[in-house]
Amino acid sequence: MIADALAAALAAFVIHGAYGRWAVALVLPPAWIAAMGAYRAYDRSAFGLGTEEYRRVLRGAVALPALGACSYWWFAREHDLFHDTMIAVVPAAVIGLAGRYMLRRRLHRRWASDRDRSSVLLVGPSHGIVDLVGALRRGGSQELRVAGVCLTDPANAAAVAKLGVPYRGGLDAVPEVVHGGGSTTVLVLPAPEIDSTVLRRLSWIAAAEGVDFLLAPVVADIAANRLVAKPCKAVPLVRLRAPALSATRRIPKEILDRGVAVLLLLLLAPLLAVVALRVRLDSPGPVLFRQARVGRNGDHFTMLKFRTMREDAESFREELAHLNENSDGLLFKMKEDPRITRVGSLLRRYSLDELPQLFNVLRGHMSLVGPRPPLPEEVSGYTPEVRRRLLVKPGLTGLWQVSGRSDLPWDEAVRLDLGYVENWSLGLDLEILLRTGPAVLRGTGAY
């Protein structure tokens, strides 16, 4: 609310100075806070939900100018006032939205205490806790700090100890641990030992001590906006929405892909020409490297890249097979590959060799964001679960690109790709695109 009040005051000052609408300037701050409250942007449960939190804020920001201008027109009954008010309120909403985002992030970083981050006691099986802790650390979660674990299988406590997480005992130790303090949240994972009776008892313990009580769903890597509570008399159910992969939902993505690809090709044309010339002069061979890849629904296409290796690189692959640093053997990766040219090393470090794939995006074979484009020999060994990667177009960038690239093990790359397919949205695409620039500059996993 502090961030909103400051952002709305800033917007009101700008609008009054630009348009002279003192009425809008006076009404905007309380109206903005009321709109955010009406769309539950201040609910504590909204914090940490990622896109859901910003979705609520966006709804309030969109509703505010519409309702404000319509109210003004209704009471004033003057078309000119309605028109002028719309001109003033819409920029005010945009300024307020941007100001809210920046100020809230700044205030949160400055004033957030350890209490703001939930100190979580994890309760459940060792394998589930190991997976959850790994996911929290990979995602850089700032909302949950693991304070300890109580296992349903205490015999496997060693597996949890390797993570550096305090082991507090078995399931029967939960009441004592919660009563002893140090935890603001109890998070229970699915386990055969935790039936409805045990679960209810745990919730009573948490309520008595005044701590939050959370249940982890059985499914993993599912976005929060796909899980919807659905009451059914005395049995609460959770509905899992289907992934947004229909042809209709893909239309905005297709328009965005082609439009941005054309724009980038026009803007980057001088850079593409310089890189092509450097590749040509650096070593004998073609400028572009063409390779068969597999796209959506298993369709094959020719992927374009700037050549970064010697022209005879493929003939030397067998000789270097024993130096493969990819432990699963499905992909061939070497940090110091002798086949890479001098210019090629630079191009790979900053992903400049990927730029010709914009032509693949323009032709409809690839997307700006998506799973890593696989080789045909990889796809031949896919399990039915992994084949879900092929439900969407491969991408020029993706979660694999912003999460480590070649440093990722095969299983982790697959998990990221499947998570993208399951939770795709335009918001997720934009988030990945924003993260791509810093990831490329860091150069992590680029070889």
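This is a predicted model: local features need pLDDT of at least 70, side-chain atom pairs count only at pLDDT 80 or more; totals for chains, interfaces and linings use all residues.

Trainee: OK, how many helices and strands does the protein chain have?
Mentor: The protein chain has 15 helices and eleven strands. Both are DSSP runs numbered from the N terminus: helices are H or I with at least four residues, strands are E with at least two.

Trainee: And how much of the chain is buried?
Mentor: Of its 447 residues, 40% count as buried. Buried means under 20% relative accessible area, exposed means over 50%, and partly exposed is in between, using a 1.4 Å probe and protein chains only.

Trainee: Which residues do the contacts join?
Mentor: Taking contacts between residues at least 6 apart in sequence, 68% join residues at least 24 apart. Contact here means heavy atoms within 4.5 Å.

Trainee: Let's do helices. How do α9 and α10 cross?
Mentor: The axes of α9 and α10 come within 4 Å and cross at roughly 60 degrees. Axes are lines fitted to C-alpha atoms, for helices over the stretch in contact, and angles run from 0 to 180 degrees between N-to-C directions.

Trainee: Which residues make that contact?
Mentor: L265, L266 and L267 come from α9, while A269, P270 and L272 come from α10. By class, this contact of α9 with α10 has six nonpolar, no polar and no charged residues. Nonpolar covers Ala, Val, Leu, Ile, Met, Phe, Trp, Tyr, Cys and Pro; charged covers Asp, Glu, Lys and Arg; the others, Gly among them, are polar.

Trainee: And how do α10 and α11 cross?
Mentor: The axes of α10 (residues 269-282) and α11 (residues 342-349) come within 8 Å and cross at roughly 150 degrees. On α10 the contact uses V275, R278, V279 and D282, and on α11 it uses R342, V343 and L347. The residues of this α10 and α11 contact divide into four nonpolar, no polar and three charged.

Trainee: Switching topic: how many residues does the largest nonpolar core have?
Mentor: The largest nonpolar core has 31 residues, and V279, F306, L347, L358, L368, Y420 and I432 have the most contacts inside it. A nonpolar core is a set of buried Ala, Val, Leu, Ile, Met, Phe, Trp, Tyr and Cys residues joined through side-chain atoms within 4.5 Å. Elements giving two or more residues to this core include α10, α11, α14 and α15. There is also a second, separate core of 16 residues, with V123, V177, V178 and I194 among them.

Trainee: What does I432 touch?
Mentor: Leaving aside neighbours within four places in sequence, I432 is in contact with V369, T397, G398, L399, V402 and Y420.

Trainee: Is Q357 buried or exposed?
Mentor: Q357 is buried, with a relative accessible area of 1%. Q357 lies in helix α12, and its side chain makes a polar contact of 2.3 Å with the side chain of E354. A polar contact is a pair of N or O atoms within 3.5 Å; within protein, one must be able to donate a hydrogen and the other to accept it, and residues adjacent in sequence count only if both atoms are side-chain atoms.

Trainee: Where is Q291?
Mentor: Q291 is found in strand β8 (residues 288-294). At 19% relative accessibility, Q291 counts as buried, and a polar contact of 2.7 Å joins its side chain to that of R293.

Trainee: Last one: what is phi for N297?
Mentor: Phi of N297 is near 60 degrees, a positive value in a residue other than glycine. Most residues other than glycine have a negative phi. N297 sits in the loop between β8 and β9 and is partly exposed, with a relative accessible area of 49%.

Key
Residues are numbered from 1 along each chain as its sequence is written. Side-chain values use heavy atoms; hydrogens and water are left out.
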